[in-house]
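Subject: Structure handover

Hello,

Here is the structure for you to look over.

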Amino acid sequence: MKNQTITLTNLGAKFGTEMRKYAPLIILIGLTIFFSIISPNFLTSRNILILVRQVSFAAISAVGVIFVMIAGGIDLSVGSQIVLTNIVLSKLMVDSNISPLLAIPLTLILGATLGALNGFLSIKLNIHSLIITLGTASIYKGAGYIFAESRNIMGFPDSFRWFGQGYIGPIPVPIIVMVIMALIGSFILTRTYFGRYIFALGGNEEAARLAGVNINGMKILLFTICGFISGITSVLLLSRVFAGQTSTGQGIEFDCLTAALLGGVSFKGGEGTIFGLMTGILIIGVLNNAMQLASFPDFSQNVVKGAVLLASVGFDVYQKNRKAKETIARVAA
Amino acid sequence: MNENVVLSLKDITKKYPGVLALDRISLDFLEGEVHALLGENGAGKSTLIKAVAGAINLDGGIIHVGGQNHHQMTPHLSRSMGIEVIYQEFNLVPTMSIAENIFLGNRVSDKFLVDYETMKSKTREIFKLFNVDIDPMTLVQDLSPAKQQIVEIAKSVSKNVRILIMDEPSAPLSVSEVEHMFEIINQLKQKGVTVIYISHRLEEVFRISDRVSVMRDGQYVATKLTRDTNRKELISLMVGRELKESYPPQSNPPGEIVLEVKNLSGNGNKDISFSIRKGEILGISGLVGAGRTELAMLLFGAAPIESGEIWVNGKPVQIHSPLNAIQHGVGLLTEDRKGKGLFLEMAVGWNISFPILRKLSKYGIVSAKAENKIAEHYRQRINIKTPSLEQRVINLSGGNQQKVVLARSLAAESGILIFDEPTRGIDVGAKQEIYHLMRELADNGNTILMISSDMEELLGMSDRIIVLCEGKLAGEVQKEQFSQDYILDLASGTH
């Protein structure tokens, strides 16, 4: 009798997890169908490329962000890191006249350093990374403003244009980078022991420590990776905008977080997939793009995005509570 | 004790999807009796409590209490009938004082502002009854688990409890604290309170209860007068078959010294020295707070060593982290399986292979084949009952969860295994399996340190016992000298 119940409840639980896995995809397909009906310009290859390129920057950063999130942390400073690295990269190329070939690696190193600092502070001060990165976000952004001296930095070498504006075949470079990052991220998370450690850290930090994982090292490394990836985003964004402005990249963490949560990455850690994340990113892209096509004002787009986020996370929590109740019921029995 | 029935259950039935959790349970509880409820994990004890407390909806049956029949209970109704439950997880607000906790949601007077004076004096009154002396304004978070439990009991007394249900109340307590709890229970009994006592520990049932009822697989099995029954009978009623509770003996003489601890200090322990031989099971005894788990953490590198040395296989080793310990062949099976041992949301196979992932990886990529092979090997080796390796650990029973933890240490090829409370919260049948596994491991050349609060288990399983008291080594006891009294003397520092 006992075995039978295990398999029965398994089926129920399995159906629940399957639902959760595919719910974002179903939402994405539903939205796509809906908008292609009301706007004939929506589902054209040209528009799709525009749409994806629009979100590709946030998507790249988001890969780094979910590494941190699956491990149970959070990085709210991504956008501010980009503000700072953007200005530094601009000044390196324009004011110091350094070739992009050298300036870009320097920017990536700076990004990684900013990330490492987040990680270092969160383990040394032993404060949740939500608060740490809220603080460093303000610091990084402020530093960016200071370096920028309220200038609009222009006059980059033309060779720098390719990263954000170029194409490989018909595909814009940022989209290619996004796909590569997603594939690497997914491979790391699902196939490597490092990926397992990330899930372990978010699933049960103390158990991970007692199983021999160097959790402090892991945390620093994950924030460093997140910062490095945001460095990549920063380079692409600067090349796309082609002017060093403090507005570039601001608030990008909101899209990263929304996409992650839409895609089923748990806020508490231990759960999440790149596939879900990318679905979440595309949902944001579709909403942005369709509302622009339908010429919604900017602020009403914010309202819709916020509502979609709450609805999907609400659904997620509802599912989890139901599952928890089932587990309790089973254990009690 | 008299024959007044205060609570009568008739044909109580509760269904969960695919399982009959309670199958027409009928049971009477008498005024002023201590009624023990026994059963293996999954027998339905917790569900029955929830039914009485009104925490779940019934699918059938009648609860007769306070002169009325009820087809459904609600938490409020249950309370108003004087039924109080003390669950394993205490229901206290840690940041509030004892008095505030006791009268939480209960106004003690008609004054507009909180009447601390009345609360304090009423709390003292109850404490006096229990013969305890704690300042009512102490914050609950500053209390030991034993004192917190007293606060829980005091809380129910303040609500004029008539039927007190205690779920595994002795689990967080040391031996002397359990004695004190028994005194309190006797006090309540004299006041005519009915105590329903749920415990895995049979000796406690014999110590405290008047009658004992046994449940199995959601069904009522029998009720016995405690003085008319015995251990063997109760166990066979619980498991539904004759089960010898036995401790497998040592078959080989112990080999060379494998682990030697020299003047080790740190994590609250001071100047601890002992050694242990290959194939030996060394019991570690002590009261709660004596530093047993702390010592385990120290040996495992999970807490910093202040001074002293650890020698493994005749060589001094540096253990600064759990990783170091694992590399030197030390494995820890923590007392807190769910909190510190397992990744509950992850699959069985995932959990087993976790500490050896690096070994199973090439260029950082985990070989799924190698992983499955090793997980499957240990699943069969120690008979983990799970539908598949993909099953999430949270869905397994306590005994099988413990086996997953064990499988993990075995997969890591740890020759020195530290078992911290290996059978806590595990039912009788699974306990036997764990005992046999431990002995088999020792016979196969592993070395085992076993921390246990269960005196019987400690005496039965150990080849030698060391006793800790307040972070210091209080003594070492050879098999010939094993006696509960002697060990308790050492543990309480009276020797």
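In this predicted model, chain B has an open sheet of four strands in the order β12-β11-β14-β15, and the pairing is antiparallel. The edges are β12 (269–277) and β15 (315–317) of chain B. Each has a single partner strand, so one side of each is left without a neighbour in the sheet. Direction ignored, neighbouring strands here are turned by 25° against each other on average.

Strand β11 (residues 257–266) of chain B runs antiparallel to β12(B), and six bridges join them. Within β12(B), S275(B) stands opposite E260(B). Helix α9 (residues 292–299) of chain B packs on this sheet. Helix α9 touches β11, β12 and β14 (307–312) of chain B, and its direction makes about 70° with that of β12(B).

Now to another sheet. Chain B also has an open sheet of four strands, antiparallel, in the order β2-β1-β4-β5. At its edges stand β2 (19–30) and β5 (68–70) of chain B. Both have a single partner strand, so one side of each lacks a neighbour in the sheet. From one strand to the next, the twist averages 15°.

Eight bridges pair strand β1 (residues 5–16) of chain B with β2(B), in the antiparallel sense. K15(B) has L20(B) in β2(B) as its bridge partner. Helix α1 (residues 45–53) of chain B packs on the sheet, with contacts to β1, β2 and β4 (60–65) of chain B. The direction of helix α1 makes about 65° with that of β2(B).

On confidence: chain B has a mean pLDDT of 88, with 97% of its residues at 70 or more. The model scores are ipTM 0.82 and pTM 0.78.

Best wishes

Note on methods. Residues numbered from 1 in each chain as written. Chains lettered and ligands numbered in written order. Predicted model: local features only at pLDDT ≥ 70, side-chain atom pairs only at ≥ 80, totals over all residues. pLDDT = per-residue confidence, 0-100. Pairing = 2+ DSSP bridges. Helix = DSSP H or I, 4+ residues; strand = E, 2+ residues; numbered from the N terminus. Axes fitted to C-alpha atoms, helices over the stretch in contact; angles between N-to-C directions. Contact = placed C-beta atoms within 7 Å.
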